[in-house]
Amino acid sequence: MLGVMLFALLTPPFGLRAYLEARAQEQAQAAHVIMSFGRPAAAVIKVPVSAHPFAQTARSPLDGVAGKGSWLMMFDGDWNDPDPDRAAAIVDAAVRADLSHLYVRIADSSHHFYGASALQDLLPIAHMHGLSVIGWIEPMLDDPTGDAADALAAAQFEEQGQRLDGLALTIEGNSTSDPNVGQYLSGIRSGIQGMNGLGDRYLLIASTLPTPYDHPGYAYATMSRYCQVFAPMVYWRATGLPQYSGTDGTRAYVDQVFQQFRDPGVNPFKRPLTITAQAYDAAPEYGTPGAPPAAEIITSIDETRSQGGISWSYYRLADADNGVTSEEQQAITSYPFWQRNQGGVATKALIALPDQPVAY
């Protein structure tokens, strides 16, 4: 764990997330209680999902990532047995927070696709309550074909006719440049030996470092080719730079991210952005102390809309131990839900059609 903490301190602005994830994985065998916003945990949705058969409707790929979302941490060994009450509590928390989609960590290179038990419980009840579920995968890409197999297995998992609404690929491991990234994404789209690919319409989201100009070797252009959406991790206080605190600083950082992703050298296929925002205290990694106050949260959402972002999410869904404050929860919950095709928001969006397939 000391090594993980040292890595966290040396790799801002994402080191604290690595530390939080490592700590969460150590606690994977402990009970995880997902808290509802503003009411007792016992008052959760109690719906017998088996009593409500229904079919997953076809829709535009980007519908799966519309609105407000959150990231849910889950590791191998954390959800091995059926637990419909836990699934109901997660869905309840998301609905109470006025969310439209959840990113659920279900695979990584070390443990492969381990999320079947969780998805078996989550997919039917989440879809029943209008929540999209995006499978969150963290590949190291030392073995791009093997990592592609994990992604294909996750995308093809089905429970009661329900499948994931897309995959979010957090590519910040060992290999973040070509040819590994291209081989991985091509395998997901076109298939690998023994496994069919997902084709050109399946929703792939590239969860990336936020400022391309600071990472010249990172395969942004290849991700633009194969993924419909970028989800940069816009953790403004994690930079530790005072100019990115407060509402003006938050706005400046979000604007900088959008500006850099408009560069054709970074994003040649003009993929739109969904912002992954900060909702944790980055002080342990020498970030600006304190969780973002409500004004910064609201500013980050406002600016995402103003700059043409198709949606907004935060790291990570509140639970018993991750430190998301009640002020943050209230700011997120009370912000009006939006979708790109309602009311003409996001007039600066980088693409014209929400169902634009990838081109490769």
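1. Helix H6 is followed by glycine 191, whose phi is positive, near 100°. Helices here are DSSP runs of H or I with at least four residues, and strands are runs of E with at least two, both numbered from the N terminus. This is a predicted model, in which local features need pLDDT of at least 70 and side-chain atom pairs count only at pLDDT 80 or more, while totals for chains, interfaces and linings use all residues. Residues are numbered from 1 along each chain as its sequence is written, and side-chain values use heavy atoms, with hydrogens and water left out.

2. H6 itself (residues 180–190) has eight of its eleven residues buried, so it is largely enclosed by the rest of the structure; buried means under 20% relative accessible area, exposed over 50%, and partly exposed in between, with a 1.4 Å probe and protein chains only. Among the buried residues of H6 are Asn180, Tyr184, Ile188 and Arg189. The buried residues of the helix pack against strands E4 (132–138), E5 (166–170), E6 (191–192) and E8 (204–207), as well as against helices H5 and H7 (220–226), where contact means heavy atoms within 4.5 Å.

3. Histidine 112 belongs to strand E3 (residues 112–113) and is partly exposed at 42% relative accessibility, whereas glutamine 160 lies in the loop between H5 and E5 and is partly exposed at 35%. For context, most residues other than glycine have a negative phi, and most peptide bonds are trans.

4. The largest nonpolar core holds 95 residues, of which Leu167, Tyr184 and Ile188 touch the most other members; such a core is a set of buried Ala, Val, Leu, Ile, Met, Phe, Trp, Tyr and Cys residues joined through side-chain atoms within 4.5 Å. Leaving aside neighbours within four places in sequence, the contacts of tyrosine 184 include Ile137, Pro144, Asp147, Ala148, Ala151 and Leu169. Pro144, Asp147, Ala148 and Ala151 are also among the buried residues of H5.

5. Strand E1 (residues 67–72) has six of six residues buried, so it is largely enclosed by the rest of the structure. E1 runs parallel to strand E12 (residues 311–315), to which five bridges join it, and lysine 68 has tryptophan 312 as its bridge partner there. E1 also pairs in the parallel sense with strand E2 (residues 101–108) over four bridges, pairing being assigned if DSSP finds at least two bridges between two strands; glycine 69 stands opposite histidine 101 in E2.

6. Aspartate 108, found in strand E2, counts as buried at 7% relative accessibility. The side chains of aspartate 108 and arginine 105 are joined by a polar contact of 3.1 Å, and a polar atom of the aspartate 108 side chain lies 3.1 Å from the backbone nitrogen of serine 110. A polar contact is a pair of N or O atoms within 3.5 Å; within protein, one must be able to donate a hydrogen and the other to accept it, and residues adjacent in sequence count only if both atoms are side-chain atoms.
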